[in-house]
Number of protein chains: 2
Amino acid sequence: MPDPSIHAPSPARVFTESEKQALYDVIYARRDVRNEFRPEPIDEEALGRVLNAAHAAPSVGLSQPWNFILIRDTARRAEIKQAFLRANREAREMFPAERRTDYSALKVEGIEKAPLNICVTCNRSRGGEVVLGRTHNRDMDLYSTVCSVQNLWLAARAEGIGVGWVSIFHQSDLKRILGLPDHVAIVAYLCVGYISEMYERPELAVRRWANVADLRDVVLDETWNSSE
Amino acid sequence: MPDPSIHAPSPARVFTESEKQALYDVIYARRDVRNEFRPEPIDEEALGRVLNAAHAAPSVGLSQPWNFILIRDTARRAEIKQAFLRANREAREMFPAERRTDYSALKVEGIEKAPLNICVTCNRSRGGEVVLGRTHNRDMDLYSTVCSVQNLWLAARAEGIGVGWVSIFHQSDLKRILGLPDHVAIVAYLCVGYISEMYERPELAVRRWANVADLRDVVLDETWNSSE
């Protein structure tokens with residue numbers, strides 16, 4: 001007979017004040033890194049811990065739809081950099097004329113400077129035809145994959161590893177370069193490398209491109225009672 | 001003259017082994033909670049810390065597109081529960097006949113049991129017509145919002161607060177009940193409450209609905225060299 005106790009929850013671990021503080025300190029010290037990458041390779045054990053943390057993310061129906069493609073090859077990263085540059089020229093033109101000079105001055109990727117790139121993908125077929133929790137929102141698998149990115153990012157920060165998310169690509173370019181089949185979507189393209197320095201505040205705020213919002217302006221009570 | 005040093009990065013904080021371990025312990029002790037919620041309200045200071053952690057998430061072009069709607073009203077939660085039940089009956093019918101009994105036996109929400117629900121939304125107009133980093137992937141704002149959910153989830157776990165993500169809704173039902181305008185999308189509907197007990201492993205694995213994958217099966221080298 002199966003042991004019925006295996007279906008029972010256990011006492012939940014209580015975290016100490018210093019453990020809570022460590023989590024908050026990592027959360028607040030995480031930045032999108034574009035330029036501060038050091039060239040030395042990531043320690044394999046540290047990388048394993050970071051990927052395991054990503055793999056421990058929540059996923060819809062426990063489908064774990066993610067893959068992590070580790071890209072180190074110099075020629076491949078050069079090709080990806082070209083795809084970025086092409087898209088970024090288009091991006092610049094989308095801004096009003098008066099912002100284009102500022103836009104060009106921003107460094108927004110570390111594809112070749114960081115020693116490791118990680119493409120985080122979502123296999124839209126993982127878990128079969130019907131996935132629990134994905135019946136009414138087909139994009140829940142993409143959202144699960146983003147949760148794994150955020151776990152990866154926090155774990156990397158704690159390991160002294162910076163991460164920058166590059167989104168300025170035509171998905172079709174990256175899919176061709178990485179050989180992705182149709183049913184696999186790119187969720188995040190990450191530049192990854194050790195850092196000794198980083199910005200204390202978001203770099204786009206430091207450079208006055210955008211402002212940090214006040215938490216009070218984004219918390220609402222009961223319903224959408226905002227003028228936005 | 002502006003001080004040029006404000007554009008310079010600072011020495012990056014180095015996290016100790018015990019701080020790293022605290023982060024990993026929170027990541028691995030996080031679960032999707034459906035049934036273990038205790039009824040007492042969330043301490044306001046703890047809730048503030050959790051929401052601030054969510055608000056510290058990365059966001060595309062520093063657009064911070066999220067809002068957090070705090071829902072405690074009993075009648076409103078009862079109405080939302082009805083919207084869930086309607087969708088969940090449809091969801092059950094989507095599964096093959098032989099899985100429907102197992103599906104019905106799973107508890108997948110704590111809308112009324114948890115004392116607090118948080119609807120995390122994404123304002124698709126935040127940041128203006130053109131947002132840095134969103135030029136080639138219009139869904140980057142949704143992904144930013146998911147990053148805030150994962151920060152919220154981890155912070156809550158450290159505070160002894162369980163979180164369960166409910167996705168089985170028609171988005172139109174929830175938008176009507178919460179009064180959301182067209183340009184605001186629902187990313188996550190979260191049930192939130194203190195917990196004393198929780199599952200050590202993902203509940204869907206404990207109940208043999210799905211299996212936990214091996215990390216080695218989802219890490220790929222350089223390109224998509226998988227048979228999936």
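A: Angles between helix axes run from 0 to 180 degrees between N-to-C directions, and an angle over 145 degrees counts as roughly antiparallel. In this predicted model, the pair to consider is helix α3 (residues 74-94) of chain B and helix α6 (residues 171-178) of chain B, whose axes come within 10 Å and cross at roughly 165 degrees. That angle lies over the cut-off of 145, and α3(B) and α6(B) are therefore roughly antiparallel to each other. The crossing in which α3(B) passes α6(B) is right-handed.

The contact itself can be given residue by residue.

Chain B can be laid on chain A with an RMSD of 0.0 Å, by a turn of 180 degrees and a shift of 0.0 Å along the axis. This is the relation of a two-fold axis. Within chain B, the residue that comes closest to the rotation axis is B:Leu23, with its C-alpha at 2.7 Å. Of the interface residues of chain B, 100% are also interface residues in chain A, so the copies meet through the same surface.

Chain A contains seven helices and seven strands, and from the N terminus on its elements run β-α-α-β-α-α-β-α-β-α-β-β-α-β. The C-alpha trace of chain A spans about 70 × 45 × 40 Å along its principal axes, and 47% of the 228 residues in this chain are buried. Among contacts in chain A between residues at least 6 apart in sequence, 87% join residues at least 24 apart.

A:Arg208, in the loop between α7 (203-206) and β7 (219-221), has a phi near 60 degrees, a positive value in a residue other than glycine. Because it has 11 C-beta neighbours inside 10 Å, A:Arg208 counts as exposed. A:Glu222, in the segment after β7, likewise is not a glycine and has a positive phi, of about 70 degrees. With 15 other C-beta atoms within 10 Å, A:Glu222 is partly exposed.

Note on methods:
Residues are numbered from 1 along each chain as its sequence is written. Chains are lettered from A and ligands numbered from 1 in the order in which they are written. This is a predicted model: local features need pLDDT of at least 70, side-chain atom pairs count only at pLDDT 80 or more; totals for chains, interfaces and linings use all residues. Helices (H or I, at least four residues) and strands (E, at least two) are DSSP runs, numbered from the N terminus. A residue is buried if 20 or more other C-beta atoms lie within 10 Å of its own, exposed if 12 or fewer, and partly exposed in between; C-beta atoms are placed from the backbone. Copies are superposed by least squares on the C-alpha atoms of residues with pLDDT of at least 70 in both. Two residues are in contact if their C-beta atoms, placed from the backbone, lie within 7 Å. Angles under 35 degrees count as roughly parallel, over 145 as roughly antiparallel, 65 to 115 as roughly perpendicular and the rest as oblique. A crossing is left-handed if the near helix is turned anticlockwise from the far one by less than a right angle, and right-handed if clockwise.
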